[in-house]
Amino acid sequence: MKKIIQILLILSLVVVAYFLFSYVYGNIRSELFLEINNSIISMIFGGIVTVLLLSQQSSSEEKKEKNIEIYKIKSELYNNFFETIWSAWQDEKLDYGEITELLKLLKRISMFLDDNDTYTLSKLVNELISTNNSSNKEEKTKIVEIERIFSDITTILKNDLGIKASNIRGNKYQEMIKINKENLEMAKQIQSKVSLNK
């Protein structure tokens, strides 16, 4: 709508300029008058078109800079979110401070997600808290559930950032869990060796 108004304004200025110069130089009927009149009108028209193009370019640059800034904020926020989850994973329990931090980050993240993704992410964080702090579940079951939750959270946040993501399921998912279990076992063995050496 704004562009249409600008175009109509340009056209009306050109018409007014033509009639104004025709009136001022109306008694002079020569080639020189027509060339001067046409030159002035084309200068005005060229100036207006240049101003419109530059304003359009600057508004698109502003949008681009805004999107880049939002992307940086999202990336930092999502990174903090995963660092908090990772910290809890290493502790093997979510304490009150970590839960509070996760919920605070979740509220900030919800500003960028649509309602469905916010709801799903909230459910996943809830699942993560209850699964991680559950003493009833066996360690392997806990790890599998937490891996699934991580995968789902990662998918939501990657999709929001515009990075192609899909949930890993089936054989690849089982293979990833197996590798992560092996890595976890190796880490525990290294930790126990370090503890024995002290």
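K104 is partly exposed, with a relative accessible area of 46%. In this predicted model, K104 pairs with E101 in a salt bridge whose closest N and O atoms are 3.4 Å apart. E101 is partly exposed as well, at 28% relative accessibility. Both residues sit in helix α3 (residues 96-109), 3 residues apart, so about one helical turn separates them.

The count of salt bridges comes to 4.

| Pair | N to O distance |
|---|---|
| K74 and D160 | 3.2 Å |
| K104 and E101 | 3.4 Å |
| E127 and R148 | 2.2 Å |

The side chains of K74 and D160 meet in a salt bridge. K74 belongs to helix α2 (residues 31-91) and D160 to helix α5 (residues 139-161), so this contact ties together parts that are 86 residues apart in sequence. K74 counts as buried because its relative accessibility is 13%, under the 20% limit.

E127 forms a salt bridge with R148. E127 lies in helix α4 (residues 115-132) and R148 in helix α5, so the pair joins parts 21 residues apart in sequence. E127 is partly exposed at 27% relative accessibility, and R148 is partly exposed with a relative accessible area of 24%. D152 is linked with E127 and R148 in a network of salt bridges.

F81 and F82 are arranged edge-to-face, at 6.1 Å centre to centre and with 75 degrees between the planes. F81 is buried at 0% relative accessibility, whereas F82 is partly exposed, with a relative accessible area of 26%.

Conventions. Residues are numbered from 1 along each chain as its sequence is written. This is a predicted model: local features need pLDDT of at least 70, side-chain atom pairs count only at pLDDT 80 or more; totals for chains, interfaces and linings use all residues. Side-chain values use heavy atoms; hydrogens and water are left out. Rings of Phe, Tyr and Trp (its six-membered ring) pair if their centres lie within 6.5 Å; planes under 30 degrees apart count as stacked, over 60 as edge-to-face and the rest as tilted. Buried means under 20% relative accessible area, exposed over 50%, partly exposed in between (1.4 Å probe, protein chains only). Helices (H or I, at least four residues) and strands (E, at least two) are DSSP runs, numbered from the N terminus.
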